[in-house]
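Let's take a friendly walk through this model together. Have the sequence and the 3D view at hand, and follow along one stop at a time.

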Amino acid sequence: MSKSVFYHAGCPVCISAEQDILNLVDASKVDVVNFAEDKSRFEEAERLGVKSVPALVTPNGNVLHINFGASMDDVRG
């Protein structure tokens with residue numbers, strides 16, 4: 001993986017975290033995935049180890065759970 005991937009559920013907490021991440025890291029180096037808009041990458045996130053959102057997966061595969069906004073089960077619905 002050449003970019004970090006920021007996964008979130010589209011809630012206000014997640015949107016705020018997205019903005020904070022993009023203020024800290026060059027936006028061209030972060031792929032933002034909002035599950036409220038695109039659930040097609042849900043299995044990818046789980047395979048990478050995302051347990052809750054918002055979460056940032058680094059290029060070397062580390063999963064950084066930003067704060068506990070929602071479990072992946074909650075996002076799945």
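Our first stop is Lys39: apart from its neighbours within four places in sequence, Lys39 is in contact (heavy atoms within 4.5 Å) with Val75 and Arg76. Before going on, note that this is a predicted model, where local features need pLDDT of at least 70, side-chain atom pairs count only at pLDDT 80 or more, and totals for chains, interfaces and linings use all residues. Residues are numbered from 1 along each chain as its sequence is written, and side-chain values use heavy atoms, leaving out hydrogens and water.

You will find Lys39 in the loop between strand 2 (30–34) and helix 2 (42–48); helices (H or I, at least four residues) and strands (E, at least two) are DSSP runs, numbered from the N terminus. Lys39 is partly exposed, with a relative accessible area of 47%; buried means under 20%, exposed over 50% and partly exposed in between, using a 1.4 Å probe and protein chains only.

Now turn to strand 1 (residues 4–8), where five of its five residues are buried. In a regular strand, side chains alternate between the two faces of the sheet. Here Ser4, Phe6 and His8 lie on one side and Val5 and Tyr7 on the other, with both faces covered.

What does strand 1 pair with? Strand 1 runs parallel to strand 2 over five bridges (pairing needs at least two DSSP bridges), and Val5 has Asp31 as its bridge partner there. With strand 3 (residues 52–57), strand 1 pairs in the antiparallel sense over three bridges, and Phe6 stands opposite Leu56.
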